[in-house]
Amino acid sequence: MRSPGPPLRRSLPVVLLLAALPAASGCAAEPAARPAPQPAVTAETARIAESQRLYDEASRALSDKRYEDARALLDKASGLGVDSHRYQIGELRDKLDRREAKVRASEAAELLDRQDCEGAFATLSSRMDALKSEAFAQEARRLVASQAAACASGKIDAATTAGKFAEARAFIAAAPTRAVLGDEAADRLAAELDATITEALYGQLEADITAGRWASVVEKIDGAVKRGDASEEQGRTVLARARGAATPRLTELAGKAVGAQDAAATLAQLDATIALLRWEAPAPETADLPGSNALPEALARKRSALAAWVEAMQVRMKPMKKPSMRWTHGTIAVAPASDSDGEPKRSLPPSTPVWILGQTKDRALVTAVEPATAVLTAALELAIGWAPLPRLAREPTADWLPPNDQLKGERVWGPLREKQPTLELGVVSDVQGADILVRRLADDVEVKVQRKQLRSGRLAPGTKVLALCKSENEPATIVDVPPAGRVARIECEGGAQKEEPLASLRAKPDLLPRSR
């Protein structure tokens, strides 16, 4: 038997050669090596996995009533910002808030049972502020709604019964109270409190109101507002009720004083009370607005009549036996009925009808409506003021020339051409004493004439003129003058109508209305 010899050296190359040859057909090849994972893909996967892990742990913490842990885990999960987890994290957070709301509401309920409203409201509202969660707030309010409302009502009732109105108002207006009750319930209780305070405050004033101690009334209202027992709005409401009680008494006082010798003293007393109650006299020809500080219409009317009577006595007015009708000549300024020398507050257009109630040497107390009675004390309620007596005519003045101080710029008829008897239209450019300068419409030439030579250029429908019809200066009648004022529609004899330039119209003094 032959012993094994040393390995053959020539066998190594063969092995290496065989290893280098491709595998025979039918034999499995070794798998190619996998590429190394990309860092970004790995990080995203890890972030999603971590978000899910935190969510799962938060869910378990919620089940174990470890609310703070659950909230911290959800905060971390939210911080990872995985969009696909955003909804489920929000759902779990709302569930967590509602669970915690039950716990906090139970704690608050114990305080509410002991009538510790402030403590309960502070506990719940502080947690609401911290969480800023609508789910928590809604659930907490729902769970304590009836207890909270009952406790708040009891607190308010106790304070108002003790006269501690400011305390009650501060309690219902406090942020914790409103946060726990909710705006709707808090507003309802606040409205009920306001009504209670208003009635209580007015009740405190009734004795003073009955006695007419208006200074005391106002002082007590101001004091209540200053102390915080009532709001400024409540103060205005109570003052308005006090005014309502004062109005008929003051109206009667003013009415009785009209015609009396001591009217001036009564007027002073009346005006002091009006100022004390913070009324404002209405502007001329304006109505008072509901809820405003304007003097009530009935009182304002009686007060005006009283003031007019006092002024009439001071200027020694002579009353008319019967109101006398007049017309204003030109635009006139009217001084207040209470002050014949005062600054005019209104003006009356030309030819406005007025009725004189009484007059002095140069002024007349007038009304713009015909009085239904000749009794001066009753008619004074209609007085609008004092008018200059010389400017009040006994007949309508629409076709009169305005007074010289108002004549400039007015259209007039005048003898504006030498050796021509007819009148033509022009516009007054200046008044120089007795001389009137008129600019002719036809050519803008200025002509100097006397006032007595002029007639009003008002072209009312029906005015008789001379115009170019079949021939020059034939009789015609004004039908209309369009707003532009450059032409007039006239009707010639026979009925034909046409437009004629104003500059070509002529007239005779006897065709035109009488003027002054």
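Predicted model: local features only at pLDDT ≥ 70, side-chain atom pairs only at ≥ 80, totals over all residues.
Residues are numbered from 1 along each chain as its sequence is written, and side-chain values use heavy atoms, with hydrogens and water left out.

Let's start inside. A nonpolar core here is a set of buried Ala, Val, Leu, Ile, Met, Phe, Trp, Tyr and Cys residues joined through side-chain atoms within 4.5 Å, with buried meaning under 20% relative accessible area, exposed over 50% and partly exposed in between (1.4 Å probe, protein chains only). The largest such core has 77 residues, and Phe 121, Leu 181, Trp 279, Leu 306 and Leu 380 have the most contacts inside it. Helix H9 (residues 183–211) gives the most to this core, with 10 residues; helices (H or I, at least four residues) and strands (E, at least two) are DSSP runs, numbered from the N terminus. There's also a second, separate core of 16 residues, with Leu 459, Cys 492, Leu 502 and Leu 505 among them.

Zoom in on Leu 306. Skipping neighbours within four places in sequence, Leu 306 is in contact with Ala 254, Ala 257, Val 258, Ala 263, Thr 266, Leu 267 and Leu 270, where contact means heavy atoms within 4.5 Å.

Next up is helix H10 (residues 214–227). Trp 214, Val 217, Val 218, Ile 221, Gly 223 and Ala 224 of H10 are buried, and the buried residues pack against H9, helix H11 (232–257) and helix H12 (263–276). Just after H10, Gly 228 takes a positive phi of about 90 degrees.

Now the strands, which pair if DSSP finds at least two bridges between them. Strand S4 (residues 353–359) has five of its seven residues buried. S4 pairs antiparallel with strand S1 (residues 318–328) over six bridges, with Gly 358 as the partner of Pro 319. Four bridges join S4 to strand S5 (residues 363–367), also antiparallel, and a hairpin of three residues joins S4 to S5.

Finally, four strands form an open antiparallel sheet in the order S13-S14-S15-S16. Its edge strands are S13 (464–467) and S16 (497–501), each pairing on one side only.
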